[in-house]
Amino acid sequence: MPDVVADGLRVLFCGINPGLMSAATGHHFARPGNRFWPVLHLSGFTPRLLKPSEQRELLSYGLGITNVVARPTARADELSAREYQEGGRLLALKVARLRPRWLAVVGVTAYRAAFDDRKAQVGPQERTIGDTRVWVLPNPSGLNAHWTAQTMAEEFARLRVAAEA
């Protein structure tokens, strides 16, 4: 699954791992029930609703996408603790190389596992990777019923405001 990245992004969004549909299409957050693209637009990060196939357009807005773990699965709970830990290590190296202003991990459980931070909550984190600040966002998967598209968009918008400051 290819990353959508460049040096010096405003925000590098980091999914947990590719779903099977994303792996098949090569497009991040490709499953129709995933709310990433609608929430990204509702939060003001993009001027219009992008389709997964338009993911490279994110670069023109200073945004990118990667994943904690590269291995595709049907569900994130199929990943092992070791995969998360190794993914966190590799992600930190990638962030140190690309130097985005913010790393936004979508999924608090994934962030906790990848960075061994059991107490992390959604929102800005104390952790930095070099000069890159870290924000944890809710997982946009349709399986995450605790968050509506509107409440997710509000949290994404908090990050957008911070990234614009």
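Two strands are taken as paired if DSSP finds at least two bridges between them; strands (E, at least two residues) and helices (H or I, at least four residues) are DSSP runs, numbered from the N terminus. The structure is a predicted model, in which local features need pLDDT of at least 70 and side-chain atom pairs count only at pLDDT 80 or more, whereas totals for chains, interfaces and linings use all residues. Residues are numbered from 1 along each chain as its sequence is written, and side-chain values use heavy atoms, with hydrogens and water left out.

Five strands form an open sheet of mixed pairing, in the order β2-β1-β3-β5-β4. The edge strands, each pairing on one side only, are β2 and β4 (123-129). On average, neighbouring strands of this sheet are turned by 25 degrees against each other, direction ignored; axes are lines fitted to C-alpha atoms, for helices over the stretch in contact, and angles run from 0 to 180 degrees between N-to-C directions. Helix α5 (residues 149-164) lies across β1, β3, β4 and β5 (132-137) and runs at about 165 degrees to β5. Contact here denotes heavy atoms within 4.5 Å.

Strand β1 pairs with β2 in the parallel sense over five bridges, and the bridge partner of V11 in β2 is L63. Four bridges join β1 to strand β3 (residues 102-106), the two running parallel; F13 stands opposite A104 in β3. Five of the five residues of strand β1 (residues 11-15) are buried, so the strand is largely enclosed by the rest of the structure. Burial is defined as under 20% relative accessible area and exposure as over 50%, with partly exposed residues in between (1.4 Å probe, protein chains only). In a regular strand the side chains alternate between the two faces of the sheet. In β1, V11, F13 and G15 point one way and L12 and C14 the other way, all of them buried.

Most residues other than glycine have a negative phi. F29, although not a glycine, has a positive phi of about 50 degrees. F29 lies in the loop between α1 (20-25) and α2 (36-42) and counts as buried because its relative accessibility is 12%. D116 likewise is not a glycine and has a positive phi of about 50 degrees. This residue is placed in the loop between α4 (108-115) and β4; at 57% relative accessibility, D116 counts as exposed.

H28 is also located in the loop between α1 and α2 and, at 2% relative accessibility, counts as buried. Not counting residues up to four places away in sequence, H28 touches M1, P2, D3, V4, S22, W37, P52, Q55, I65, T66 and N67.

The second largest pocket holds about 160 Å³ of space. A pocket is an open set of points on a 1 Å grid over the protein atoms alone, where a 1.4 Å probe fits, with protein on both sides within 12 Å along at least five of seven lines; lining residues have an atom within 4 Å of a point. Grid points are joined across faces, edges and corners, and a volume is the space filled by probe spheres set on the points. The lining of this pocket consists of M1, D3, P18, T66, N67, V68, V69, A70, G87, L90, L91 and K94. At least two lining residues come from each of β2 (63-67) and α3 (81-98), and α3 gives the most, with four residues. By class, seven lining residues are nonpolar, three polar and two charged; Ala, Val, Leu, Ile, Met, Phe, Trp, Tyr, Cys and Pro count as nonpolar, Asp, Glu, Lys and Arg as charged, and the others, Gly among them, as polar.
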